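Colleague: I should like to learn how to read the features of this structure. May we begin with the helices?

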Amino acid sequence: MAAEKVVAVDSAFIQATEHRPKTTIIAESKCIPLIDLSSTNPNLVTQISHACKNWGFFQVINHGVPMECRRNMESVAKKFFALSEEEKGKVKRDINNPLGYYDAEHTKNVRDWKQVFDLAVENPAVFPASHEPDDQEIVEYFNQWPENLPEFREACEGYAEKVKTLGFKLVELISLSLGLPENRLTGFFKEGHASFIRINHYPPCPYPDVALGVGRHKDSGGITILAQDDVGGLEVKRKTDGAWIRVQPIPDAFIVNLGDIMQAWTNEIYQSVEHRAVVNSEKERLSIAFFFNPAHHVNVEPLSELIDHQNPPKYRPYNYGKFYATRKVSNFEKLDVENIQLTHFKLSQ
Ligand SMILES: O=C(O)CCC(=O)C(=O)O
Ligand SMILES: [Fe+2]
């Protein structure tokens, strides 16, 4: 009798029952707001305000990033992940450099079904050398480029430049939507902003009902600008009822979501929102996240204009660079403690 072929499930990937993807997908269309960024849209700022308040997630069209630039980026990204493990291993990230290829990331201690490539938008990226509060030393992290894919670097750098411009446009609109001057937030992102791009590659997964491409999480930076391909799989936790809503792939649109820093700056007028990526057994999926982050020396705290007697600050100031450095240590040393996060700076009211 022929032995039955069984797909062994590596337990590192298995999500607790309550976090497994649902088999019934909640109507994906017409849920997350779709915003036309062209200057002729008369309701732009109001739409941004509603989307930030009610969803923390929206999609944008007419965003100014040329289609060709994005296609080029997607094309080299696919070529990169198609390289042999040996080739990809040559640009692997490690304890000394958080930039490059990695295939064993965990979210909340469960392994993600994905491979990633991280690159800094400002090369080198500048960060504190350690998480120790009194250590003033600074380090530079340099991007790693695959030797056997010469077109990769140029495509990434071109894409980073264009999406950065969109990032500035979005934080200007978000400032206006809060009743603040257009340039209120832009200064935080100048001079050595710590933005980076993460290319996510999700191979087909033989057990998509128990594993996730990325487990539920909130992004810790300012805003995230995500390009997803036509496969789909991103799910957003709806604020009104906690249901997981699938984000419909729209060709050439970008998905924008608010990170924890935006939640702190706005003193929770806007909040970061939990999201995750499901995988499927047939198709591989690609997504490219641009994390628009402030410079390492920025101290994040609720904006003074948004605070008064009725609305006291909900967070104490924290240094973004030290926050990042603390995360990095726990990522590699797998401390038994929870990863550092925004709630650690919450003030009791
Ligand atoms: O792939 C996706 O749709 C989401 C990726 C994501 O949330 C992340 O990389 O932070
Ligand atoms: Fe994310």
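Modeller: Helices (H or I, at least four residues) and strands (E, at least two) are DSSP runs, numbered from the N terminus. The expected span of a helix is 1.5 Å times one less than its number of residues. Please note that this is a predicted model, in which local features need pLDDT of at least 70 and side-chain atom pairs count only at pLDDT 80 or more, while totals for chains, interfaces and linings use all residues. Residues are numbered from 1 along each chain as its sequence is written, and chains are lettered from A and ligands numbered from 1 in the order in which they are written.

Colleague: What span should α4 have, and how far apart are its end C-alpha atoms?

Modeller: With 27 residues at 1.5 Å a residue, α4 should span 39 Å; its end C-alpha atoms are 39 Å apart, which agrees. After α4 comes G179, whose phi is positive, near 80°. For helix α2, residues 67-82, the 16 residues should span 22 Å, and the end C-alpha atoms lie 23 Å apart, which agrees.

Colleague: Which residues of α2 are buried?

Modeller: A residue is buried if 20 or more other C-beta atoms lie within 10 Å of its own, exposed if 12 or fewer, and partly exposed in between, with C-beta atoms placed from the backbone. In α2 the buried residues are R70, M73, V76, A77 and F80. Seen down the helix axis, they fall within an arc of 135°, so they line one face of α2; the arc is that of the directions from the axis to the C-beta atoms. On the other side of α2, M67, E68, R71, S75 and A82 are exposed.

Colleague: In what order do the strands of the open sheet lie?

Modeller: Strands of a sheet pair through backbone hydrogen bonds, either parallel or antiparallel. Two strands are taken to pair if DSSP finds at least two bridges between them. Here eight strands form an open sheet with mixed pairing, in the order β1-β2-β14-β11-β16-β9-β6-β3. At the edges stand β1 (34-36) and β3 (100-102), each with a single partner strand, so one side of each is left without a neighbour in the sheet.

Colleague: How is β11 joined to β14 and β16?

Modeller: β11 runs antiparallel to β14, with four bridges joining them, and antiparallel to β16, with six bridges. I223 stands opposite L258 in β14 and opposite F292 in β16. Six of the six residues of β11 are buried, so this strand is largely enclosed by the rest of the structure. I223, I225 and A227 point one way from β11, and T224, L226 and Q228 the other way.

Colleague: Which residues have the most contacts inside the largest nonpolar core?

Modeller: A nonpolar core is a set of buried Ala, Val, Leu, Ile, Met, Phe, Trp, Tyr and Cys residues joined through C-beta atoms within 7 Å. The largest one has 84 residues, and I197 and I225 have the most contacts inside it. Its largest share, eleven residues, comes from α4.

Colleague: Where is there a cis peptide bond?

Modeller: Most residues other than glycine have a negative phi, and most peptide bonds are trans. A cis peptide bond joins N123 and P124, with omega about 5°; P124 is in the loop between β6 and β7 (125-128). N62, which is not a glycine, has a positive phi of about 55° and is in the loop between β2 and α2.
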